[in-house]
Amino acid sequence: PEYAAFILIMIGFLFQWPTLLTLILFPVLLVTYVRLAKREESQALETFGDAYRDYMRRTPGWWPAFKERRSPN
């Protein structure tokens, strides 16, 4: 959620201050944060293994899933 929120903030900056600098920095920051997220995910998989894989199956990656969750019973 932190990285997704940061990307939304950067999009807001593009609308509020559409300058050459924001147009150049947006794709650079976007690629940087996507790569950082992938690296952190790899490290978590290495550290926590199957427990983290299970977490990944239950939890959406970048954007929240707005669907009804059912109880396990």
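This is a predicted model: local features need pLDDT of at least 70, side-chain atom pairs count only at pLDDT 80 or more; totals for chains, interfaces and linings use all residues.

**Exercise 1.** State how many helices and strands the protein chain has, and compare its radius of gyration with that of a compact globule.

*Solution.* Step one: the protein chain has 3 helices and 0 strands, where helices (H or I, at least four residues) and strands (E, at least two) are DSSP runs numbered from the N terminus. Step two: a compact globule of 73 residues would have a radius of gyration near 11 Å, whereas the protein chain has 16 Å. The radius is taken over C-alpha atoms, and the globule rule is 2.2 Å times the number of residues to the power 0.38. Step three: along the principal axes, the C-alpha atoms fill a box of roughly 55 × 30 × 10 Å.

**Exercise 2.** Determine which residues of α1 are buried and how they are arranged.

*Solution.* Buried means under 20% relative accessible area, exposed over 50%, and partly exposed in between (1.4 Å probe, protein chains only). By this rule, Y3, A4, I7 and M10 are the buried residues of α1. Seen down the helix axis, they fall within an arc of 120°, so they line one face of α1; the arc is that of the directions from the axis to the C-beta atoms. The face turned away from this buried side carries the exposed residues E2, F15 and Q16.

**Exercise 3.** How many aromatic pairs are there, and which kind is formed by Y3 and W62?

*Solution.* Rings of Phe, Tyr and Trp (its six-membered ring) pair if their centres lie within 6.5 Å; planes under 30 degrees apart count as stacked, over 60 as edge-to-face and the rest as tilted. The count comes to 5 aromatic pairs. Y3 and W62 form a tilted pair, 6.4 Å centre to centre with 40° between the planes. This pair links helix α1 to the segment after α3, its members being 59 residues apart. Y3 is buried at 16% relative accessible area, while W62 is partly exposed at 31%.

Technical notes: Residues are numbered from 1 along each chain as its sequence is written. Side-chain values use heavy atoms; hydrogens and water are left out.
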